[in-house]
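Here are my notes for a first look. Please keep the structure open while reading them.

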Amino acid sequence: MKRSVLIVGRPNVGKSTLFNRLTRSRRALTHDMPGMTRDLIRGIVEDDEITFELVDSGGLEYGDDPLSAFAGEIRQQAEAAIEDADLILLVVDGREGVTAADEEIAQHLRGVAERVIVIVNKTDTKAGELGMHEFHSLGFERVLGVSAEHGTGIDDLLETIAESLPDADGAGAGVDDQAGPIRLAIIGRPNVGKSSLLNRLLGEERSIVSEISGTTRDSVDTLIERDGKLYEIVDTAGIRRKGKTTEAAEKLSIISARKAIDACDIALVVLDGTEGATSQDATVAGYAQDAGKAAIILVNKWDAVERSEELAKKTEEEIRRIMKFLWFAPIELISARTGRRVDKIFGVVDLVAASYRARFTTSRVNDILERAVQRHMPPAISRGRARRFYYGTQVKDSPPTFALFSNTSEPIHFSYRRYLENTFREELGLFGTPVRLVIRSRKGFEGGERRGRGGCEVE
Ligand code: GDP
Ligand code: GDP
């Protein structure tokens with residue numbers, strides 16, 4: 001499936017500079033498409049993550065005059081190009097701020113707003129940097145600052161494009177119901193009951209099982225359908241394969257756990273309830289944390305313990321102590337042998353997957369950030385200066401990742417970061433997934449006061 005990204009914008013904002021930057025720096029082939037009223041310039045962008053076609057509408061001439069802008073054939077061609085594009089980069093000039101021509105084009109793109117990213121160019125200049133935020137007023141959720149000439153912000157842009165484009169197989173990135181099966185990895189040290197759990201999950205009524213070749217050469221993934229939904233259990237071969245000696249089994253379990261974790265959305269971390277949480281369990285679970293995956297902790301063999309409220313509570317406390325880093329992961333007490341509460345796992349998986357893949361609007365993220373900062377001021381940064389946050393936006397899902405634009409790139413104090421993470425988690429109703437915050441500095445703001453064009457409040 002061809003994926004194409006269209007560049008639009010009024011003259012002189014830097015469209016062709018951006019086009020050249022994206023294509024040339026990625027060794028692209030450019031050629032003109034003959035036979036068009038005005039030539040669309042096409043190129044291929046090849047990045048580590050994705051490949052897509054980039055189309056420069058340079059010749060489409062939206063112009064400052066709305067009456068002539070979309071006249072006749074040119075208008076039709078513009079329409080067709082917009083229709084064809086998977087993603088539209090609306091390039092604007094950060095130095096000049098929002099102009100009538102920008103608004104005109106924005107108005108025209110209103111109907112396809114979810115496919116539009118506003119690219120504020122020329123942020124290498126002081127005025128460009130300062131003007132960036134007012135472009136939110138164009139009404140699109142995503143606004144990114146770049147300097148096409150100097151190459152800053154281009155990596156972020158490519159990352160955002162990669163996130164936004166549909167996958168090669170046609171599934172939409174970041175869109176819940178199109179994101180394909182929920183991928184689960186069953187991990188844990190030997191003998192906790194992983195293969196018993198796998199068999200139990202596969203043996204569930206209503207589940208249709210098929211084996212498909214896995215992500216790595218010797219792995220086998222298993223597809224389950226349940227209540228009309230698809231789940232993929234990754235590297236089921238790794239679960240079944242057993243080492244001869246305990247030591248070999250340990251090693252093998254770690255290798256296959258890592259492979260499986262890389263390929264999954266949610267790690268099902270299995271523990272042996274008769275033994276409680278051990279440091280070895282923590283090691284295996286730590287990989288899930290490192291990889292930024294969602295996690296559910298399953299305490300197995302709950303049939304073999306003297307079940308009581310107290311024991312359940314004690315076990316949970318122990319897990320929370322030994323696996324502090326997975327504090328957000330729900331805990332379920334199950335028995336693969338009797339099937340106790342195994343059925344319930346799918347419900348928890350659905351909730352966690354929805355959180356892991358969720359996307360939120362910039363206005364919602366901003367509101368939460370603003371209120372969080374009002375409730376608790378961030379700790380001062382170096383030389384006693386105040387830290388400021390200008391705005392926040394979700395840059396990625398799986399797991400939800402929020403970029404917070406600040407007047408400094410200094411890391412946030414651990415406890416304040418935890419506070420912000422928790423606030424996002426609570427207010428967005430996120431469950432079982434890690435939440436990532438990345439701090440982006442906006443150098444133009446360094447030193448505090450905003451100068452330049454008036455009328456636009458940034459804080
Ligand atoms: P287009 O006609 O809208 O595609 O714009 P161009 O790519 O031809 O650029 C218009 C002008 O803006 C040229 O003089 C570029 O050198 C300049 N320009 C483009 N990108 C940047 C940038 O990132 N920073 C600065 N300061 N100037 C830029
Ligand atoms: P794996 O090495 O993690 O795949 O563990 P297995 O599934 O092979 O199970 C290890 C041992 O634990 C076997 O003897 C199983 O019968 C036993 N076992 C697995 N699940 C349960 C359970 O829910 N309850 C009890 N009592 N034993 C279990």
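Where does a backbone N or O atom of S195 lie relative to an oxygen atom of ligand 2? The points below start there.

1. The backbone atom of S195 lies 2.8 Å from the ligand 2 oxygen. That is a polar contact (a pair of N or O atoms within 3.5 Å; within protein, one must be able to donate a hydrogen and the other to accept it, and residues adjacent in sequence count only if both atoms are side-chain atoms). The protein covers 79% of the 580 Å² of accessible area that ligand 2 has on its own (Shrake-Rupley method, 1.4 Å probe).

2. This is a predicted model: local features need pLDDT of at least 70, side-chain atom pairs count only at pLDDT 80 or more, and totals for chains, interfaces and linings use all residues. Residues are numbered from 1 along each chain as its sequence is written, chains are lettered from A and ligands numbered from 1 in the order written, and side-chain values use heavy atoms, leaving out hydrogens and water.

3. Ligand 2 has 16 residues around it (a heavy atom within 4 Å). The closest are N191, K194, S195, S196 and D303. Helix α7, residues 194-203, supplies the largest share, three residues. A backbone N or O atom of A336 also lies 2.9 Å from a ligand 2 oxygen.

4. Two side chains deserve a look. An N or O atom of K122 is 2.9 Å from a ligand 1 oxygen. For D124, such an atom is 2.7 Å from a ligand 1 nitrogen. The protein buries 73% of the 580 Å² that ligand 1 exposes when taken alone.

5. There are five aromatic pairs in the structure (ring centres of Phe, Tyr or the six-membered ring of Trp within 6.5 Å; planes under 30 degrees apart are stacked, over 60 edge-to-face, the rest tilted). F402 and F424 are stacked, 4.7 Å centre to centre with 5° between the planes. F402 is in strand β16 and F424 in helix α14, 22 residues apart. Both are buried (under 20% relative accessible area, 1.4 Å probe, protein chains only).

6. Y416 and Y419 form a tilted pair, because their planes meet at 50°, with centres 5.3 Å apart. Both tyrosines lie in helix α14, three residues apart, about one turn. Y416 counts as buried at 6% relative accessibility, and Y419 at 18%.

How values were computed:
Helices (H or I, at least four residues) and strands (E, at least two) are DSSP runs, numbered from the N terminus. Buried means under 20% relative accessible area, exposed over 50%, partly exposed in between (1.4 Å probe, protein chains only).
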